[in-house]
Amino acid sequence: MAVLEIIEMPDERLREHSSPVTVFDEALKEQVSDLFDTLQDTGGIGLCAPQIGIAQRIILVHVPDDGYGARLYINPEILSKSTPRFVEESCLSVPGIEGNVVRATRLKVRAQNLQGESFELNVDGMHAVCVQHELDHLEGVLFIDRLSWFKKLRLKLAAGRSTGEAKAA
Ligand code: NI
């Protein structure tokens, strides 16, 4: 059990595709325990294994007081989703940036638990949004990849200004 360091941009490990979990053993339980401890420490609502350096398909979502509690999804897949809409997001691996992305707000998810047993669950609200955000991580996708070109441009200009590298046009 440990609080681990969260990998941040531009670390290339955030761009890797994570592998399915195939062995449900003590080592997996320890990894999941670390994931719980680390998420709790950050105060965030979701975290996945690749963010702590483990390229495996494990996600944890815990939106306080939403009725779902802390939910672990191993090898998650989305079976169905509602019509998407814009939702504001941020990411523990991309500090200091927020932006609107298009997400479904209701999902049916299939995943496995720590024992390897398969389950299906209907989720909605921020929990559903967070599941999609974490699933993106498993494919090496960050929420900033989904921002509009206009927002990306503004972020680029802001970054350029802060480092004094902005080029006047
Ligand atoms: Ni994230």
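Buried means under 20% relative accessible area, exposed means over 50%, and partly exposed is in between, with a 1.4 Å probe and protein chains only. Take C48: at 0% relative accessibility, it counts as buried. Keep those words in mind.

Now, the ground rules. This is a predicted model, where local features need pLDDT of at least 70, side-chain atom pairs count only at pLDDT 80 or more, and totals for chains, interfaces and linings use all residues. Residues are numbered from 1 along each chain as its sequence is written, and side-chain values use heavy atoms, with hydrogens and water left out.

Let's start with the metal. Which residues are the protein donors of the nickel ion? They are C91 through SG, H133 through NE2 and H137 through NE2, lying 2.1 to 2.2 Å from the ion. A donor here is an N, O or S atom within 2.8 Å of the metal (3.2 Å for Na, K and Ca); water is not among the atoms, so sites may look incomplete. Along the sequence, the donor spacing reads C-x41-H-x3-H. C91 sits in strand β4, residues 84-91, while H133 sits in helix α2, residues 125-138. They are 42 residues apart, so this pair links distant parts of the chain. Helices (H or I, at least four residues) and strands (E, at least two) are DSSP runs, numbered from the N terminus. C91 is buried, at 9% relative accessibility. H133 is buried too, at 7%.

Back to the cysteines. A disulfide is a covalent bond between the sulfur atoms of two cysteines.

Next, the rings. A pair of aromatic rings is described by the distance of the centres and the angle of the planes. Rings of Phe, Tyr and Trp (its six-membered ring) pair if their centres lie within 6.5 Å; planes under 30 degrees apart count as stacked, over 60 as edge-to-face, and the rest as tilted. The count is one aromatic pair. Y73 and F119 have ring centres 6.1 Å apart and planes at 35°, so the pair is tilted. Y73 is in strand β3, residues 71-81, and F119 is in strand β7, residues 118-124. That is 46 residues apart in the chain. Is each one buried or exposed? Y73 is buried, at 0%, whereas F119 is partly exposed, at 22%.

Finally, the backbone. A cis peptide bond joins M9 and P10, with omega about 5°. P10 belongs to the segment before α1, which covers 26-42. Two residues other than glycine also deserve a look. D65 has a positive phi near 60°. D65 lies in the loop between β2 (58-61) and β3, and is exposed at 83% relative accessibility. N75 has a positive phi of about 50° and is not a glycine either. N75 is in strand β3, and is buried, with a relative accessible area of 15%.

That's the tour.
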